Amino acid sequence: MMNTNFGHLFPWQLLTRFAGARMTCRLESNLDVIRLGKEAEKIIEEFKPVDQHGDDHAGGWKSVSLISFGGDPFESKVVPGKLPMKTPALQLAPYLESVLDAFDYDKQRVRMMQLLPGETILWHDDYSESIDSVTARIHIPIVTNSDVKFQISHEDCRWLAGEIWYGDFSFPHRVHNGGRKRRIHLVIDVRVNDQLLGLFPPEYLANRPKRDRIRGIIALMVRFYTWRRYRFGYMKRKQKSGLYQAG
Ligand SMILES: [Fe+2]
């Protein structure tokens with residue numbers, strides 16, 4: 001049985017808390033959440049999102065790309081030799097497209113990600129997804145509910161629809177959708193450069209040494225914690241046991 005009681009006692013949670021390392025930062029936003037929601041539903045209706053790769057979930061975590069490497073809406077990975085391009089999914093969403101155009105930074109992948117009701121994304125890290133590294137990951141929650149549990153290490157993320165958030169996903173994170181409706185987030189990966197850093201308040205940037213000091217040891221802890229899942233395959237086991245029907 002999945003533990004969906006998100007506590008704060010995993011070793012990395014204790015470490016980030018006691019180090020005073022900040023995991024998230026809210027950015028300024030002024031978005032029309034109703035329009036965002038309507039366009040997101042339309043995209044999902046027309047372009048059935050496909051399973052995210054990886055063994056951090058049992059199949060309830062899906063995405064459709066609005067910007068992908070090569071322009072295919074069902075391509076969610078970084079593809080060497082191809083450039084980030086708008087996909088046909090954006091043609092259904094003029095407001096969303098204008099929001100993305102106005103976010104004039106070096107955008108890489110932009111994905112509409114849905115987590116179905118009752119589904120969980122297990123603890124994992126995305127090592128280069130940090131403002132202290134190569135790519136920063138920005139989230140715009142579009143549809144969410146009060147029964148979503150979401151943690152980046154020790155921080156409980158209660159992000160509301162229409163807000164814009166940066167999260168340091170190089171640290172371990174996990175999500176559970178305990179609500180009755182799917183959770184939809186727009187996830188924008190942006191290359192880190194001085195222009196992007198200018199978006200962040202100085203006190204968040206000044207917190208970097210606290211993160212840098214513990215990032216390496218936490219990555220080792222997470223490797224140790226997750227190796228069996230990656231070796232034997234969480235999704236494969238769930239499918240074999242008959243608990244999960246791919247669909
Ligand atoms: Fe992740």
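Is Met23 buried or exposed, counting other C-beta atoms within 10 Å? Met23 is buried, with 23 other C-beta atoms within 10 Å. A residue is buried if 20 or more other C-beta atoms lie within 10 Å of its own, exposed if 12 or fewer, and partly exposed in between, with C-beta atoms placed from the backbone.

## Basis

This is a predicted model: local features need pLDDT of at least 70, side-chain atom pairs count only at pLDDT 80 or more, and totals for chains, interfaces and linings use all residues. Residues are numbered from 1 along each chain as its sequence is written.

## Overall fold

The protein has seven helices and twelve strands. Helices (H or I, at least four residues) and strands (E, at least two) are DSSP runs, numbered from the N terminus. The radius of gyration is 18 Å, close to the 18 Å that the globule rule gives for 247 residues, so the protein is as compact as a globular protein of that length. That radius is taken over C-alpha atoms, and the rule is 2.2 Å times the number of residues to the power 0.38.

The C-alpha trace spans about 50 × 45 × 40 Å along its principal axes. Buried residues make up 34% of the 247 residues. Among contacts between residues at least 6 apart in sequence, 76% join residues at least 24 apart. Two residues are in contact if their C-beta atoms, placed from the backbone, lie within 7 Å.

## Helix 1 against helix 6

Helix 1 (residues 11-19) and helix 6 (residues 208-232) pack at an angle of about 175°, with their axes 10 Å apart. Axes are lines fitted to C-alpha atoms, for helices over the stretch in contact, and angles run from 0 to 180 degrees between N-to-C directions. The two helices are therefore roughly antiparallel. Angles under 35 degrees count as roughly parallel, over 145 as roughly antiparallel, 65 to 115 as roughly perpendicular and the rest as oblique. Helix 1 contributes Pro11, Trp12, Leu15, Thr16 and Ala19 to the contact; helix 6 contributes Lys210, Arg213, Ile214, Ile218, Met221 and Val222.

The buried residues of helix 1 are Trp12, Gln13 and Thr16. They cover an arc of only 105° around the axis, which puts them on the same side of helix 1. The arc is that of the directions from the helix axis to the C-beta atoms. These buried residues pack against helix 6. After helix 1 comes Gly20, whose phi is positive, near 75°.

## Met23 and Ser153

Met23 sits in the loop between helix 1 and strand 1 (24-27). Beyond its neighbours within four places in sequence, Met23 is in contact with Thr16, Ile152, Ser153, Glu155, Gly167, Asp168 and Phe171.

One of these partners, Ser153, lies in the loop between strand 8 (148-152) and strand 9 (155-156). Ser153 is also buried, with 26 other C-beta atoms within 10 Å. Its phi is near 50°, a positive value in a residue other than glycine.

## Two partly exposed loop residues

Gly54 lies in the loop between strand 2 (50-51) and strand 3 (61-69). With 15 C-beta neighbours inside 10 Å, Gly54 counts as partly exposed. The C-alpha atoms of Gly54 and Gly233 are 179 residues apart along the chain, yet separated by 8.6 Å.

Glu129 is in the loop between strand 6 (120-124) and strand 7 (135-143). It has 19 C-beta neighbours inside 10 Å and counts as partly exposed. Setting aside neighbours within four places in sequence, Glu129 is in contact with Thr135, Arg137, Phe169 and Ser170.
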